[in-house]
Structures are given as structure tokens and as C-alpha cells.
Amino acid sequence: MPLIPLLPIFHRLNRQYFDGLLSKDLKPLVAVRWSDGRLRNTAGLYRRSKKGRQQYSEIVLSTPLLINLPYSAVESTLCHEMIHAWTDLVLGIQEGHGPIFKEKMTFINSLQENFQITIRHQYPVPNRSPKWWAICPSCGLRFPYKRIVKGAACKQCCDTNHDGKWNPSCVLGYEPFLKEA
Ligand SMILES: [Zn+2]
Ligand SMILES: [Zn+2]
């Protein structure tokens, strides 16, 4: 699924479930955007910060996590973050996933069957394969590593052959990790 424009969905959800309170004169109270490639640990977030004297709030949806998921995942994630924006900007309450959040979530879930909002965004985080094999020159064991750690040694060899002390003979070497077909 290519990235879809979020504002039309925002405005529709705002009308349907938030009495239009999340916009003023058709302008959203909160900025809504797709993330760049970096937001990987959550499907979406809401945040408010101060830029100088100005309050600035935004909803960011994770491009890498949501791009391959169905439309309903985008809707439920956006709606989840809109509840945060609503409790914060409209009600003036900061409670995270507290009772007001849960009540609103349950209410919206009960009104329709297109998507279900959850407390935690339950989407699979795509596996990123490790970039490197770390290889012990002493015992030959291989360990998948995300990045090269200079001077890291094979624990097993240090433990068994060198009284648990670091020894240059078991400093790991690296070779690129090739995905098995
Ligand atoms: Zn949340
Ligand atoms: Zn070893």
C-alpha cells in the first residue's frame, strides 16, 4: 500500500468520533504526518512540545511499520493517537492510557467494525536481519551482530580458556551477514 494522505482520514474520524473538536475553522489542532524511515518502535505517536512560545503538537504515523499493512491499521493507529490529542488538547488532561482514553477507545470500537483501537499498537515489527556475522577465531562460533563492536571477544572462549578474562585470541572477526534463502 502506498502512503495515503492522512488529513482526509483525520477529518472524517474527527467528525465521526470527536464532534469535530479536533479542528477549528477546518484547520486541525494537531499536525498529522507520516514519519520518515526512522520511527520503527511504535506504529504511531502523539506529542506536544513548545517551540519558543508556541505550543506545537503533532501525530506521527510510522511509515516503515504501516506501509505494508491494510488500511484499517492506519485508521486504528491514527484514531488511537487522535484520542491522545483529544484528551490533551480538548479536555486538557494528560493521562496516557488512563480511564478517559480507555472509555473513548471502547466507545469508538463499539460504534463500528472497520477497525479496532488497542492500547498497544499490535502490529508486527518487521525483522531487520543482522548486518554482520561475528566469528570467533578460536572456536569458530558465529553470532549475528547488528553492528561491529570493536574488541568484543567470544565469551565462551574467554570463560573456558582464559578464566573469564578478555583475551586477544578470541576477539571476534566480522563478515557480512548474508540472508539464507
Ligand atoms: Zn497511546
Ligand atoms: Zn570462541
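A crossing is left-handed if the near helix is turned anticlockwise from the far one by less than a right angle, and right-handed if clockwise. The model is predicted: local features need pLDDT of at least 70, side-chain atom pairs count only at pLDDT 80 or more, and totals for chains, interfaces and linings use all residues. Residues are numbered from 1 along each chain as its sequence is written, with chains lettered from A and ligands numbered from 1 in the order in which they are written.

**Exercise 1. Describe the packing of α1 on α3.**

Step 1. Take the elements. Helices (H or I, at least four residues) and strands (E, at least two) are DSSP runs, numbered from the N terminus. Helix α1 covers residues 7-17 and helix α3 residues 71-90.

Step 2. Take the geometry. Axes are lines fitted to C-alpha atoms, for helices over the stretch in contact, and angles run from 0 to 180 degrees between N-to-C directions. The two helices pack at about 60 degrees, with axes 10 Å apart. That angle makes α1 oblique to α3. (Under 35 degrees is roughly parallel, over 145 roughly antiparallel, 65 to 115 roughly perpendicular, the rest oblique.)

Step 3. Assign the hand. α1 passes α3 in a right-handed crossing.

Step 4. List the contact (C-beta atoms, placed from the backbone, within 7 Å). α1 supplies I9, F10 and L13; α3 supplies V74, E75, L78, C79 and M82.

**Exercise 2. Characterise the whole protein.**

Step 1. Count elements: five helices and eight strands. Their order is α-β-β-β-β-β-α-α-α-β-β-α-β.

Step 2. Check the spread. The radius of gyration is 23 Å, well over the 16 Å from the globule rule for 181 residues, so the protein is more spread out than a compact globule. (The radius is taken over C-alpha atoms; the rule is 2.2 Å times the number of residues to the power 0.38.)

Step 3. Along its principal axes the C-alpha trace spans about 70 × 40 × 30 Å.

Definitions and conventions:
Contact = placed C-beta atoms within 7 Å.
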